[in-house]
Amino acid sequence: MNKTSIRSVGILLLVVGMNSLDVSSLRLSAQEPAVKVPFSLADFPGLESECLAALESPDKIPTVLERIESKYEKDRQPEAIRMLAAILRGSDMGMGSGWFGSPKLKRDWNWLAAEQKVEVDGSLKKDDFQGEPMFFDRLDRNGDGVLRSDDFNWGPTSQFMREQGVANVIFRTIDKSRDAKVSKEELLAFFDKARGDNAELGIDAFRRSFGLASSGSGYFPGDEPTPERLIRGFFLSELGSLQEGPSLGEAAPDFELSTQDGSKKIRLKDYLGKKPVVLVFGNFTCGPFRRTYPEFDEIGQRYKDRATFFGVYVREAHPDDGWNMESNVKSGVKLMQPKNFDERTAVAKTCAAQLKYSMPLLVDTMDDRVGNLYSGMPARAYVIDADGKVAYQGGRGPFGFRPGEMEQALIMTLLK
Ligand SMILES: [Ca+2]
Ligand SMILES: [Ca+2]
């Protein structure tokens with residue numbers, strides 16, 4: 001980080017909201033296969049114990065890698081294989097590593113530019129925008145009054161994403177209560193702590209208060225996983241679904257799930273073919289999900305008359321009997337992986353109350369059917385067109401879980 005970006009940090013704090021992006025996600029994207037490849041653990045008997053044994057004796061790692069990777073052509077590996085290989089190779093878990101890839105979008109800036117009849121490398125002013133002014137304002141991510149390709153770039157090189165990465169570290173440091181809001185008291189407490197014995201806060205002391213230089217892993221102290229923890233979490237689907245979800249343009253797979261209060265069963269099919277449908281997958285023990293969900297809920301309220309929103313509650317990512325997180329304990333979130341549907345529903349109910357869900361929250365069944373059908377674990381967002389086809393599959397959480405990106409996809413669905 002250079003001095004300019006450190007100086008802009010105070011301003012960013014005021015203007016940039018919270019999302020799930022960590023500094024660790026500012027990495028290059030991995031190569032992804034164009035076609036999804038089916039994956040089943042049944043093809044690899046005994047793989048988990050083989051992986052765990054290889055961690056004990058690292059000279060066995062190449063043998064395990066050979067076993068899993070040789071089954072597929074190099075550019076057609078299923079996401080689960082890429083993830084497992086990344087763990088075995090000791091890769092940092094961040095955007096671009098393992099199965100943390102790009103979102104799938106039916107409509108992007110190129111689509112919008114063609115629709116609005118402007119050049120892809122040109123720009124679009126508000127007066128020339130064909131559509132509601134509110135849509136323009138929401139698409140204009142950096143608020144400079146024109147739409148350009150950079151408003152739609154969610155990749156690691158975009159200036160906006162770099163700013164958000166920095167802003168998130170600052171925000172998380174000051175938001176001691178971890179409720180995704182900075183209060184005046186929290187800001188003053190931060191100021192008092194950071195200035196030390198001085199009356200005012202200088203730039204060096206300000207910068208050092210965030211530990212930006214040492215927060216390379218993106219984890220809070222005590223949260224960084226061991227490779228063994230990652231292997232176990234992988235095979236429990238706590239790191240994420242081993243499946244990849246529907247492709248873009250595919251009919252949204254149907255499901256029926258109960259709401260967290262048990263008041264009704266929702267069948268997806270009954271809501272398709274009218275308005276777009278947005279699905280927001282998540283679970284309470286996923287810290288980035290808790291921090292980010294409020295933004296999804298705001299979007300849900302903003303478009304409540306134009307689209308149908310459902311939350312889907314899935315398997316815990318960080319239960320106390322799995323990859324338990326110190327940061328969860330500090331936030332008062334400590335629970336075991338639910339063993340039956342009643343237990344999962346009880347956690348979903350707590351989640352809905354604490355995060356103030358305004359959209360219905362549906363609870364996935366214990367076989368994780370919908371979480372696997374949509375690859376929704378630990379957190380992920382979808383936009384389904386009014387014709388029932390998948391228009392947006394956000395990247396896997398935590399790194400790909402981006403409310404702003406989902407909102408742009410939804411707006412473009414509504415513009416069509
Ligand atoms: Ca702009
Ligand atoms: Ca707070």
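Biologist: Which residue in β9 is the bridge partner of V277?
Modeller: I384 is the bridge partner of V277 in β9. Strands here are DSSP runs of E, at least two residues long, and helices are runs of H or I of at least four, numbered from the N terminus. This is a predicted model: local features need pLDDT of at least 70, side-chain atom pairs count only at pLDDT 80 or more, and totals for chains, interfaces and linings use all residues. Residues are numbered from 1 along each chain as its sequence is written, with chains lettered from A and ligands numbered from 1 in the order written.

Biologist: How many bridges join β6 to β9?
Modeller: Five bridges join β6 (277-282) to β9 (380-384), and the two strands run antiparallel. F281 stands opposite R380 of β9.

Biologist: What does β9 do with β10?
Modeller: β9 and β10 (390-393) pair in the antiparallel sense over three bridges; DSSP must find at least two for a pair. Y382 stands opposite Q393 in β10. β9 and β10 form a hairpin with five residues between them. In that turn, G388 has a positive phi of about 85°.

Biologist: Is β9 mostly covered or mostly open?
Modeller: Mostly covered: five of its five residues are buried. Buried takes 20 or more other C-beta atoms within 10 Å of the residue's own, exposed is 12 or fewer, and partly exposed is in between, with C-beta atoms placed from the backbone.

Biologist: Which β9 residues sit on which side?
Modeller: R380, Y382 and I384 are on one side of β9, with A381 and V383 on the other, and all are buried. In a regular strand the side chains alternate between the two faces of the sheet.

Biologist: What's the strand order of the sheet?
Modeller: β1-β10-β9-β6-β7-β8-β4-β5, an open sheet of eight strands with mixed pairing. The edge strands are β1 (104-105) and β5 (265-267), each pairing on one side only.

Biologist: Which strands does α14 touch?
Modeller: Helix α14 (341-354) packs on the sheet, touching β7 (308-313) and β8 (361-363). The direction of α14 makes about 165° with that of β8. Contact is C-beta to C-beta within 7 Å, with those atoms placed from the backbone.

Biologist: Switching to helices. Where do α5 and α11 stand to each other?
Modeller: The axes of α5 (79-88) and α11 (227-235) come within 9 Å and cross at roughly 165°. Axes are lines fitted to C-alpha atoms, for helices over the stretch in contact, and angles run from 0 to 180 degrees between N-to-C directions. α5 and α11 are therefore roughly antiparallel, a label for angles over 145 degrees.

Biologist: Which residues meet there?
Modeller: M83, L84 and I87 in α5 meet P227, L230, I231 and F234 in α11. The residues of that contact divide into seven nonpolar, no polar and no charged.

Biologist: How many α5 residues are buried?
Modeller: Eight of its ten. The buried residues of α5 include E79 and R82. The buried residues pack against α3 (47-56), α4 (61-69) and α11. Just after α5, G90 takes a positive phi of about 75°.

Biologist: Where is G155?
Modeller: G155 is in the loop between β3 (146-147) and α8 (159-174). With 14 C-beta neighbours inside 10 Å, G155 counts as partly exposed. The C-alpha atoms of G155 and S102 are separated by 8.0 Å, although the two residues are 53 apart along the chain.

Biologist: And how many helices and strands in the protein?
Modeller: 16 helices and ten strands. Of the 416 residues, 40% count as buried.

How values were computed:
Contact = placed C-beta atoms within 7 Å. Parallel < 35°, antiparallel > 145°, perpendicular 65-115°, else oblique. Nonpolar A, V, L, I, M, F, W, Y, C, P; charged D, E, K, R; others polar.
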